[in-house]
Amino acid sequence: HEALAVFLHGLKTTPDDANLLSGAAVAYDSMGEHKKAQALHRQSINAASGTLRTGFMSNLAMSYLLDNQ
């Protein structure tokens, strides 16, 4: 998946970028790799603030639903 590769490449230089973490997480979810996605969703939440953080929490919740949790 090309999108995942782009996000992971960006994380090499800015590993705490909340948007890149979230993008990689969503990419993993789209590939059915929910455990990897959930770890990155949690990292994105910790790296974010304000309304951005709220959106990332919603992404984590969706990941749990996709993973039947």
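Predicted model: local features only at pLDDT ≥ 70, side-chain atom pairs only at ≥ 80, totals over all residues.
Me: At what angle do α2 and α3 pack, and how far apart are their axes?

Reply: The two helices pack at an angle of about 160 degrees, and their axes are 8 Å apart. This arrangement makes α2 roughly antiparallel to α3. Axes here are lines fitted to C-alpha atoms, for helices over the stretch in contact, with angles running from 0 to 180 degrees between N-to-C directions. Angles under 35 degrees count as roughly parallel, over 145 as roughly antiparallel, 65 to 115 as roughly perpendicular, and the rest as oblique. Helices (H or I, at least four residues) and strands (E, at least two) are DSSP runs, numbered from the N terminus.

Me: Which residues of α2 and α3 meet?

Reply: Contact means heavy atoms within 4.5 Å. From α2 come Ala-18, Leu-21, Ser-22, Ala-24, Ala-25, Val-26, Tyr-28 and Asp-29, and they meet His-34, Lys-36, Ala-37, Leu-40, His-41, Gln-43, Ser-44 and Ala-47 of α3. By class, the residues of this contact between α2 and α3 are nine nonpolar, five polar and two charged. Ala, Val, Leu, Ile, Met, Phe, Trp, Tyr, Cys and Pro count as nonpolar, Asp, Glu, Lys and Arg as charged, and the others, Gly among them, as polar.

Me: Is Ser-44 buried or exposed?

Reply: Buried means under 20% relative accessible area, exposed over 50%, and partly exposed in between (1.4 Å probe, protein chains only). Ser-44, in helix α3, is buried, because its relative accessible area is 0%. Neighbours within four places in sequence aside, Ser-44 is in contact with Ala-18, Leu-21, Ser-22 and Phe-56.

Me: How do the axes of α1 and α2 cross, and what is the handedness of the crossing?

Reply: A crossing is left-handed if the near helix is turned anticlockwise from the far one by less than a right angle, and right-handed if clockwise. The axes of α1 and α2 cross at roughly 150 degrees and come within 9 Å, so these helices are roughly antiparallel to each other. Their crossing is left-handed. Leu-4, Phe-7, Leu-8, Gly-10 and Leu-11 of α1 meet Leu-20, Leu-21, Gly-23, Ala-24, Ala-27 and Tyr-28 of α2. This contact of α1 with α2 divides into nine nonpolar residues, two polar and no charged.

Me: Which residues form the largest nonpolar core?

Reply: A nonpolar core is a set of buried Ala, Val, Leu, Ile, Met, Phe, Trp, Tyr and Cys residues joined through side-chain atoms within 4.5 Å. Here the largest one has 10 residues: Leu-4, Leu-11, Leu-20, Leu-21, Ala-24, Ala-25, Ala-27, Tyr-28, Ala-37 and Leu-40. Two or more residues each are given by α1 (2-13), α2 (18-30) and α3 (34-47). The most come from α2, which gives six residues. Another core, of five residues, lies apart from it and includes Ala-18, Ile-45, Ala-48 and Leu-60.

Me: Which residues does Leu-4 touch?

Reply: Residues up to four places away in sequence are not counted; Leu-4 then touches Ala-24, Ala-27, Tyr-28 and Met-31.

Me: How is α4 placed against α2, parallel or antiparallel?

Reply: The axes of α2 and α4 cross at roughly 15 degrees and come within 11 Å; the pair is therefore roughly parallel. This crossing, too, has a stated hand: it is left-handed for α2 and α4. Ala-18, Asn-19, Ser-22, Val-26 and Asp-29 in α2 meet Leu-52, Phe-56, Asn-59, Ser-63 and Leu-66 in α4. Five nonpolar, four polar and one charged residue make up this contact of α2 with α4.

Me: What is the relative accessible area of Ser-63, and that of Ser-58?

Reply: Ser-63 lies in helix α4 and is buried, at 0%. Its C-alpha atom and that of Asp-29, 34 residues apart along the chain, are separated by 6.5 Å. Setting aside neighbours within four places in sequence, Ser-63 is in contact with Asp-29, His-34, Ala-37, Gln-38 and His-41. Ser-58 also lies in helix α4, but is partly exposed, with 45%.

Definitions and conventions. Residues numbered from 1 in each chain as written. Heavy atoms only, no water.
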